[in-house]
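Biologist: I have the model open and would like to go through some of its contacts with you. Could you take my questions one at a time?

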Amino acid sequence: MLFAGIISDVTDKLDGWSSHWWFLGIIFAIAFFDSVIPIVPSETCVIIGGVAAGGAAHHQKLPLVILAGAVGAFLGDNTAYLIGYRASNYLQRRAERKPKFARKLDWASGQIAARGGLLLITARFIPGGRTALTLASGVTKQSHRWFAKWVAVAATIWATYAALLGYIGGQLFATNHTRAFVTAFGLALGINVVIEVVRHFRKKRAEPAPVV
């Protein structure tokens, strides 16, 4: 209950700030830090920016909201990659001493090799998943050029999706930002749940049948 109250207070504060031009900087900063520390409400922030763009007063410009979110997410993902890359030698040495940890690294590398860039796009919609994958891409020393290309696509799709949800909510409830945000956030949550369910069943289908 306390946690829900804190989140509500943060959301109300962000909504109050969203009418100012400098809110674009907040969107950028939160999208950046969420890629490195996955406890920052970046999707919420972009949605609120979209609501401000779609509301009656049109306090924000939708393309600028998308740009701020996408660039922040892109730079944050690349920062997480570089952190993983710099720590790679240490983690590889640790893997030599800990077989269980080595299997995790092998699994991450195998997943990236098997599913490629599409995995980076999917992971952007999974809270915490994007940070784990971007770090793993650096740790396993994937090509940075390849990585940057795919996270650019992923960040653009993610920011456009979140901002458009907010914009649609703002258009539907132009004079009620709270209702607009709740509607947009509910849609985003529902879409994320669907993605998780589909991912779960696809993973189960891909698992080999047990040997009798």
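Biologist: Which residues does Val65 touch, not counting those up to four places away in sequence?

Modeller: Val65 touches Leu24, Ile27, Val46, Gly49, Gly50, Gln60 and Ala163, where contact means heavy atoms within 4.5 Å. This is a predicted model, in which local features need pLDDT of at least 70 and side-chain atom pairs count only at pLDDT 80 or more, while totals for chains, interfaces and linings use all residues. Residues are numbered from 1 along each chain as its sequence is written, and side-chain values use heavy atoms, with hydrogens and water left out.

Biologist: Which members of the largest nonpolar core touch the most other members?

Modeller: Of its 26 residues, those are Phe23, Ile27, Cys45, Val46, Val65, Trp158 and Ala163. A nonpolar core here is a set of buried Ala, Val, Leu, Ile, Met, Phe, Trp, Tyr and Cys residues joined through side-chain atoms within 4.5 Å, and buried means under 20% relative accessible area, with exposed over 50% and partly exposed in between (1.4 Å probe, protein chains only).

Biologist: And which helix gives the largest share of this core?

Modeller: H8 does, with seven residues; helices H2 (23-36), H3 (42-54), H4 (62-86) and H8 (144-172) each supply at least two. Helices are DSSP runs of H or I with at least four residues, numbered from the N terminus. A second, separate core of eight residues includes Tyr81, Ile112, Leu120 and Leu133.

Biologist: Switching to serines, is Ser137 buried or exposed?

Modeller: Ser137, in helix H7 (residues 129-139), counts as buried because its relative accessibility is 0%. Leaving aside residues up to four places away in sequence, Ser137 touches Tyr81, Ile112, Leu120, Gln142 and Phe147.

Biologist: What about Ser109, how accessible is that one?

Modeller: Ser109 has a relative accessible area of 26%, so it is partly exposed. Ser109 lies in helix H6 (residues 99-123) and, with the same exclusion of residues up to four places away, touches Thr140 and Gln142.

Biologist: Why is the pair of Phe32 and Phe33 edge-to-face?

Modeller: The ring centres of Phe32 and Phe33 are 5.1 Å apart and the planes stand at 90°, so the pair is edge-to-face. Rings of Phe, Tyr and Trp (its six-membered ring) pair if their centres lie within 6.5 Å, and planes under 30 degrees apart count as stacked, over 60 as edge-to-face and the rest as tilted.
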